[in-house]
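The structure is shown first, and the findings follow.

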Amino acid sequence: HVAFRGRYKHDLDRFFIDYPDGRTMAIIRDCKAVIASKIRYDGEAHARPLWRHVRGWNNQAKSRLVAKANYGDRMFLMSYERLISDTEGTMRKVADWLGIAFDPILLTPTFNRSPIKANSSFEVADVGVQTSTRENWRKVFSEPEAAAIDRATAERYKEVARFADA
């Protein structure tokens with residue numbers, strides 16, 4: 001069994017009690033992209049102030065590091081940015097971690113093996129992996145706002161990146 005969500009330590013603890021041979025996977029994404037998506041989804045009024053969301057992102061990244069430290073190889077961290085820029089390499093690592101044979105279908109977002117568009121707060125033009133999503137934050141934030149978010153999250157992002165996709 002593989003859990004793809006588990007926001008809180010007690011959720012993961014219970015998951016591993018129920019599934020002693022289970023594993024969990026978490027994706028870490030650039031904070032600007034996470035907040036921009038939230039603003040597009042919830043609306044500007046619900047997504048501000050930005051610093052509340054930056055603090056939340058830092059806390060979530062820290063909790064994923066703690067989970068990785070606690071559960072070791074039972075937890076797979078991957079970066080969203082690497083997933084979309086090196087989909088095959090990332091999915092080969094995931095398949096290997098899961099102990100399954102790599103299948104080219106892993107390179108395409110699907111539902112029951114049928115290609116689908118990404119579930120996004122931003123417009124999605126076609127099915128498949130959309131590398132343009134890396135820059136969607138530019139539709140929401142000015143360069144100074146983006147730089148401030150990067151400064152507030154760079155240390156934690158580097159820390160998580162050391163473990164992501166390893």
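## Buried rings and a tilted pair

In this predicted model, Phe 16 and Tyr 71 are both buried. The structure contains five aromatic pairs. Phe 16 and Tyr 71 form one that is tilted, with 4.4 Å from centre to centre and 40° between the planes. This pair links distant parts of the chain: Phe 16 belongs to helix α1 (residues 9-18) and Tyr 71 to helix α4 (residues 50-71), 55 residues apart.

Phe 16 and Tyr 71 also belong to a cluster, in which ring pairs link them with Phe 15 and Tyr 19.

Trp 57 and Tyr 157 form an aromatic pair with 6.1 Å from centre to centre and 25° between the planes, and the pair is stacked. Trp 57 lies in helix α4 and Tyr 157 in helix α7 (residues 143-163), so the pair ties together parts that are 100 residues apart in sequence.

The two partners fall into separate accessibility classes. Trp 57 has 4% relative accessibility and therefore counts as buried, because that class covers values under 20%. Tyr 157, at 23% relative accessibility, counts as partly exposed.

## Charged groups over rings

Arg 23 lies over the face of Trp 97, at 5.0 Å from the ring centre. For Trp 137, the charged end of Lys 32 sits over the ring, 4.8 Å from its centre.

## Leu 98 in helix α6

Leu 98 is placed in helix α6. With 21% relative accessibility, Leu 98 counts as partly exposed. Arg 74 is 24 residues from Leu 98 in sequence, and the C-alpha to C-alpha distance between them is 9.8 Å.

## Confidence of the model

Which elements of the chain have the lowest and the highest confidence? Confidence is lowest in strand β1 (residues 2-3), where the mean is 42, and highest in helix α6 (residues 87-98), at 94. The mean pLDDT of the chain is 82, and 84% of its residues reach 70 or more.

Over residues 1-6, pLDDT stays under 50.

Key: Residues numbered from 1 in each chain as written. Predicted model: local features only at pLDDT ≥ 70, side-chain atom pairs only at ≥ 80, totals over all residues. Heavy atoms only, no water. Phe/Tyr/Trp six-rings, centres within 6.5 Å; stacked < 30°, edge-to-face > 60°. Helix = DSSP H or I, 4+ residues; strand = E, 2+ residues; numbered from the N terminus. Buried < 20%, exposed > 50% of the residue type's maximum accessible area, 1.4 Å probe, protein only. Lys NZ or Arg CZ within 6 Å of the ring centre and 35° of its normal. pLDDT = per-residue confidence, 0-100. Contact = heavy atoms within 4.5 Å.
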